[in-house]
Each structure stands twice: as C-alpha cells, then as structure tokens.
Amino acid sequence: MKSVDILVAVRNEEKTIPEFINKFDELRSEEVNLNFIFLEDGSTDSTVRLLNEISQSRKNINYLSLENKYGQYAALTLGLI
C-alpha cells in the first residue's frame with residue numbers, strides 16, 4: 001500500500017476541519033493510505049482542541065501547533081522539516 005502525507009496549514013478553522021476530513025474519507029482507497037498533518041498557526045478559536053481530539057482518535061491525523069502567527073508559508077515549511 002502506498003502512503004501519502006498531506007500538509008494542511010490552518011488558522012481558526014474549527015468549523016471546516018471536520019468537513020474537510022469527511023470529504024477525504026469519501027475518497028478513501030485500499031491502495032493509498034492518506035495521512036494528514038495539520039499545521040495550526042495561532043488560532044484563537046477551538047481549532048487546537050479539535051485537532052487534539054481528532055488526532056487522539058485517528059492514527060492517520062496529526063498536528064503541529066505554532067504559538068505565534070507565522071503565516072501559511074512558515075507553517076508549511078515547518079511541516080516539511
């Protein structure tokens with residue numbers, strides 16, 4: 001089975017993350033394992049709490065949280081390291 005890591009930069013996306021994940025679940029294939037790494041960048045809503053809950057219940061979802069608002073480019077760069 002092939003494995004693909006998908007980096008997703010987010011800030012204040014607590015309302016859209018579940019739908020995003022559900023849409024990818026609809027595309028699930030036996031041939032490809034999709035792993036998500038959410039790169040959270042200084043959210044002021046409940047995005048971090050949500051990502052923590054999801055990552056504990058699903059082994060293919062992880063996240064990194066930046067304390068300061070560095071921006072999408074910095075978050076994605078961190079995800080590549």
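Q: Let's start with Glu40: which residues is Glu40 in contact with, leaving aside neighbours within four places in sequence?
A: Glu40 is in contact with Val10, Thr47, Val48, Leu51, Leu64, Ser65 and Leu66, once neighbours within four places in sequence are left aside. Contact here means heavy atoms within 4.5 Å. Keep in mind that this is a predicted model, where local features need pLDDT of at least 70 and side-chain atom pairs count only at pLDDT 80 or more, while totals for chains, interfaces and linings use all residues. Residues are numbered from 1 along each chain as its sequence is written, and side-chain values use heavy atoms, with hydrogens and water left out.

Q: Is Glu40 buried or exposed?
A: Glu40 counts as buried because its relative accessibility is 1%. Buried means under 20% relative accessible area, exposed means over 50%, and partly exposed is in between, using a 1.4 Å probe and protein chains only.

Q: And what does the side chain of Glu40 reach?
A: It reaches the backbone nitrogen of Gly42, at 2.9 Å.

Q: Where is Glu40 placed?
A: Glu40 is in strand β2, and Phe38 lies in that strand too, which covers residues 32–41. Strands are DSSP runs of E with at least two residues, helices are runs of H or I with at least four, and both are numbered from the N terminus.

Q: New topic: how many aromatic pairs does a search of the whole structure find?
A: The search finds five. In one of them, the rings of Phe20 and Phe24 have centres 5.0 Å apart and planes at 55 degrees, so the pair is tilted. Rings of Phe, Tyr and Trp (its six-membered ring) pair if their centres lie within 6.5 Å, with planes under 30 degrees apart counted as stacked, over 60 as edge-to-face and the rest as tilted.

Q: Where do Phe20 and Phe24 lie?
A: Both lie in helix α1 (residues 17–26), four residues apart, about one turn of the helix.

Q: What kind of pair do Phe20 and Phe36 form?
A: An edge-to-face one, 5.9 Å centre to centre with 75 degrees between the planes. Phe20 lies in helix α1 and Phe36 in strand β2, so the pair ties together parts that are 16 residues apart in sequence.

Note on methods: A polar contact is a pair of N or O atoms within 3.5 Å; within protein, one must be able to donate a hydrogen and the other to accept it, and residues adjacent in sequence count only if both atoms are side-chain atoms.
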